[in-house]
Amino acid sequence: MSINERVEQLIQSLQSERSDIFPYLANNNWQKGRPIYYSGPYWDNNEIAAAITSLLNGNWLSAGENVRQFEIEFSKKFGFEKSLMVNSGSSANLVMIAALKEYFKWKDGDEIIVCACGFPTTVNPIIQNSLKPVFVDIDFSDLNWDLEQIEKKITPLTKAVFSSPVLGNPYNLDLLMDLLKSKNIHYIADNCDSLGSKWQGEYLTKNAIAASCSFYPAHHITTIEGGMVSSNNEEIVSLARSFAWWGRACYCVGPQNYLPNGVCGKRFSRWLKDYDRDIDHKYVFSVQGYNLKPIDMLGAIGLVQLEKFEEIHLKRRSNKERLTKVFSQIEGLRVVDELKGAETSWFGVPIVYQNNSETKNKVNLVKHLEQSGIQTRNYFAGNVLKHPAYSGLGDPSEFPNASKVLDDVFFIGCSPVITEEMIDYIGEVIVDYL
Ligand SMILES: Cc1ncc(COP(=O)(O)O)c(C=O)c1O
């Protein structure tokens, strides 16, 4: 019997003794009053067996065979030439922007257009790489960035737009691509919330020069923590790898790491221009890097999660549909919907509280839901410029719709860990409040 099979057997026997410690079983027995998490790992024994087996079998344990295989399979599934796994979606954004700056020789102070409303680690890597974030407000009808404002913010210094569709819900990508093509500006995708979302039948990342993804437990597939940078330009991914792997030039991963002469076949060569002896390429540093490598176990889990992707996508869509149905019967709340042409792989369901008053408002509803055991989330930072970390970057009042998000918008999960029974209960709790 293989190690994997023995591990599976052990998990099954533990499960029959203590099913309560397995959240994916406890969820099936959910009863009113028990917590409803907005998301969480949609796992079964296969992910746990893969994780444990990778620890038992691993030759290296840090990014190795499993991570490399996951990078290959992820690229195949989502239509990229190459991918690099890192330890989070935020790290993916950081090394992706660093790699793009290096590849295109962008200068300090060059501008990247980004939405004023969203997740902070879409914005931070722009600043951390000495580029300038130029903010645009959102359109309150779909909560996505206002495409007309993007055009107005383009200057000779604009190098790219860094897009992150709200909770995975696409805006009109054709309009954006037409504009960017006419101005020769790159499209970078923060795809952390929108893995699997499509516009006119194609993944949103199809025309991106590079794209990032997160595998935090709230996201479509999870490796506990983890992230990916992907591109059809292999050099950009190699540069991202250098940034994530201490800055080193060598790009051998997984089994390639054991090749005495490296995948390039010239590991020991005259790599340094001011040193006329051979040096090991693994110790040649081409950029000032970080260490953002994932451990190999995360790759092993990712490989199993990829197989569930279609099921997860469909469940997220059907949960969104049911939530919309339940919420449409409640006066005063608006559930944001997808545009014609979009097939959204929902990260969460954005809800607009329409008639805020002193006593009845979004915050009080959210508190009521939380007290009833139902997790909710803010639409991330709302207007990022209102937060202390960004106080020097601009006047938040120039982005009134992003500010309105703080007052009026929250989201509820639609991940497959949420059942139809739970959704109906969420509706009951809201009706009770209103
Ligand atoms: C749009 C967006 N970008 C980046 C991130 C960061 O991902 P991670 O939590 O894996 O660092 C998130 C996190 O949820 C996100 O929603």
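**Figure 1. Val-123 lies in helix H6 (residues 120–128).** Helices (H or I, at least four residues) and strands (E, at least two) are DSSP runs, numbered from the N terminus. This is a predicted model, in which local features need pLDDT of at least 70 and side-chain atom pairs count only at pLDDT 80 or more, while totals for chains, interfaces and linings use all residues. Residues are numbered from 1 along each chain as its sequence is written, and side-chain values use heavy atoms, with hydrogens and water left out. Val-123 has a relative accessible area of 2% and is therefore buried (buried means under 20%, exposed over 50%, partly exposed in between; 1.4 Å probe, protein chains only). Apart from neighbours within four places in sequence, Val-123 is in contact with Val-114, Pro-133, Phe-135 and Tyr-390 (contact means heavy atoms within 4.5 Å). Asn-93 is 30 residues from Val-123 in sequence, and their C-alpha atoms are 9.0 Å apart.

**Figure 2. Phe-78 and Phe-309 form an edge-to-face aromatic pair.** The ring centres are 5.2 Å apart, with 90° between the planes. Rings of Phe, Tyr and Trp (its six-membered ring) pair if their centres lie within 6.5 Å; planes under 30 degrees apart count as stacked, over 60 as edge-to-face and the rest as tilted. Phe-78 belongs to helix H4 and Phe-309 to helix H11 (residues 309–328), so the pair ties together parts that are 231 residues apart in sequence. Both Phe-78 and Phe-309 are buried. The count of aromatic pairs by this rule is 17.

**Figure 3. Tyr-38, Phe-119, Phe-347, Tyr-379, Phe-380 and Phe-411 form one aromatic cluster.** Two lysines lie over rings elsewhere: Lys-293 over the face of Trp-245, at 5.6 Å from the ring centre, and Lys-404 over the face of Phe-140, at 5.1 Å from the ring centre. A charge sits over a ring if NZ of Lys or CZ of Arg is within 6 Å of the ring centre and within 35 degrees of the ring normal.

**Figure 4. The largest cavity holds about 80 Å³ of space.** On a 1 Å grid over the protein atoms alone, a cavity is a set of points where a 1.4 Å probe fits but cannot get out, and lining residues have an atom within 4 Å of a point. Grid points are joined across faces, edges and corners, and a volume is the space filled by probe spheres set on the points. The lining of this cavity consists of 16 residues, with Phe-74, Phe-80, Asn-191, Leu-195 and Thr-205 nearest the centre. Helix H4 (65–78), strand E8 (210–214) and strand E9 (227–231) each give two or more residues to the lining.

Technical notes:
On a 1 Å grid over the protein atoms alone, a cavity is a set of points where a 1.4 Å probe fits but cannot get out, and a pocket is an open set with protein on both sides within 12 Å along at least five of seven lines; lining residues have an atom within 4 Å of a point.
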